Amino acid sequence: MAAPVTRQVSAWVLSPASSDAERGQPLAAAVAELPVLDASGRRLPFGALFRERRAVVVFVRHFLCYVCKEYVEDLAKIPKSVLRVSFLSERQWEADVTLIVIGQSSYHHIEPFCKLTGYSHEIYVDPERKIYKRLGMKRGEEISSSGQSPHIKSSLLSGSLQSLWRAVTGPLFDFQGDPAQQGGTLIIGPGNSIHFVHRDRNRLDHKPINAVLQLVGVQPVNFMSRPTVIHV
């Protein structure tokens, strides 16, 4: 029988090939104290989001980015009950993990973005990108083969046109964040202990969602828009 997922994650995090942050070193206190804003503009320390719980924190590019929109649409399909409890073998396993999205727009864009994507988990913004910078999130596009994302349905042309249309029809013509800023994924907490870091090299280099869920011991989610066909 396969080993529990949590043990697999621990072995990966402690791998000598991993970076310092990925070996479980704590998040710097100065970074944990940097503020994020919620949908009402309330400021709270970044570290407060995972002080007493484990969290998957997904940093997205800008809210007009069609890649971010479609990725978050799939994040929205993750039931909260799945994050609370997962099943390994014949016994019940308490996953107890929180999903958090962080953008870098004004907080005024949070509510429209959630309505657009159907996202109902936690979401905050870092308008000055201070946390992005301190975590080493890349700015600019690195040319590399990121493979075919299971979460992106639009082509570059159609997706870009959709983003442009949302920009010109919105109340403010802006990119809702720095278009050159890349995102990433962090598994952290409780406290400032970092368990996993993925920094996107370009807009398509996000970590597949089920790969992240596996790292925290959560059941995979079917993101297919059509029913799954089982061949017998």
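Let me start with R129, which lies in the loop between strand β7 and helix α6 (130-134), where helices (H or I, at least four residues) and strands (E, at least two) are DSSP runs numbered from the N terminus. The model we are looking at is predicted, so local features need pLDDT of at least 70 and side-chain atom pairs count only at pLDDT 80 or more, while totals for chains, interfaces and linings use all residues. Residues are numbered from 1 along each chain as its sequence is written, and side-chain values use heavy atoms, with hydrogens and water left out.

Back to R129, then. Its phi is near 60 degrees, a positive value in a residue other than glycine, and most residues other than glycine have a negative phi. R129 also counts as buried, because its relative accessible area is 15%, and buried means under 20%, exposed means over 50%, and partly exposed is in between, with a 1.4 Å probe and protein chains only.

Now for the whole protein. There are eight helices and nine strands, and of the 232 residues, 47% count as buried. The protein exposes about 12,200 Å², of which carbon and sulfur atoms supply 57%; these areas come from the Shrake-Rupley method with a 1.4 Å probe, and for residues only the protein chains shown count as cover. If we take contacts, meaning heavy atoms within 4.5 Å, between residues at least 6 apart in sequence, 71% of them join residues at least 24 apart.

Which residues touch the most other members of the largest nonpolar core? In the largest one, which has 36 residues, they are V56, V58, L75, I78, L99, Y119 and I123. Among the elements that give two or more residues to this core are β3 (54-59), β6 (97-103) and α8 (209-215), but α3 gives the most, with six residues. As an example of the packing, L99 touches V56, V58, L75, I78, L83, Y119, H121 and E122, not counting residues up to four places away in sequence. Apart from this core lies another, of 23 residues, and L27, A32, F59 and I100 are among them.

Leaving out residues up to four places away in sequence, V72 touches V60, F113, T117 and Y119, and its C-alpha is 9.2 Å from that of V58, which is 14 residues apart in sequence. Y66 and I152 are 86 residues apart along the chain, yet 8.4 Å separates their C-alpha atoms.

Let us turn to strand β8. Is this strand enclosed or open? Five of the five residues of β8 are buried, so the strand is largely enclosed by the rest of the structure. In a regular strand the side chains alternate between the two faces of the sheet. Here G184, L186 and I188 point one way, and T185 and I187 the other way.

On one count, β8 (residues 184-188) pairs with β9 (residues 194-199) in the antiparallel sense over five bridges; two strands pair if DSSP finds at least two bridges between them. The partner of G184 in β9 is R199, and that of I188 is I194. On another, five bridges join β8 to β3, and these two strands also run antiparallel, with V56 bridged to I187.

The hairpin of β8 and β9 has five residues between the strands, and in it G189 takes a positive phi near 95 degrees. A cis peptide bond, with omega about -5 degrees, joins G189 and P190, and P190 lies in the loop between the two strands, β8 and β9.

How values were computed: A nonpolar core is a set of buried Ala, Val, Leu, Ile, Met, Phe, Trp, Tyr and Cys residues joined through side-chain atoms within 4.5 Å.
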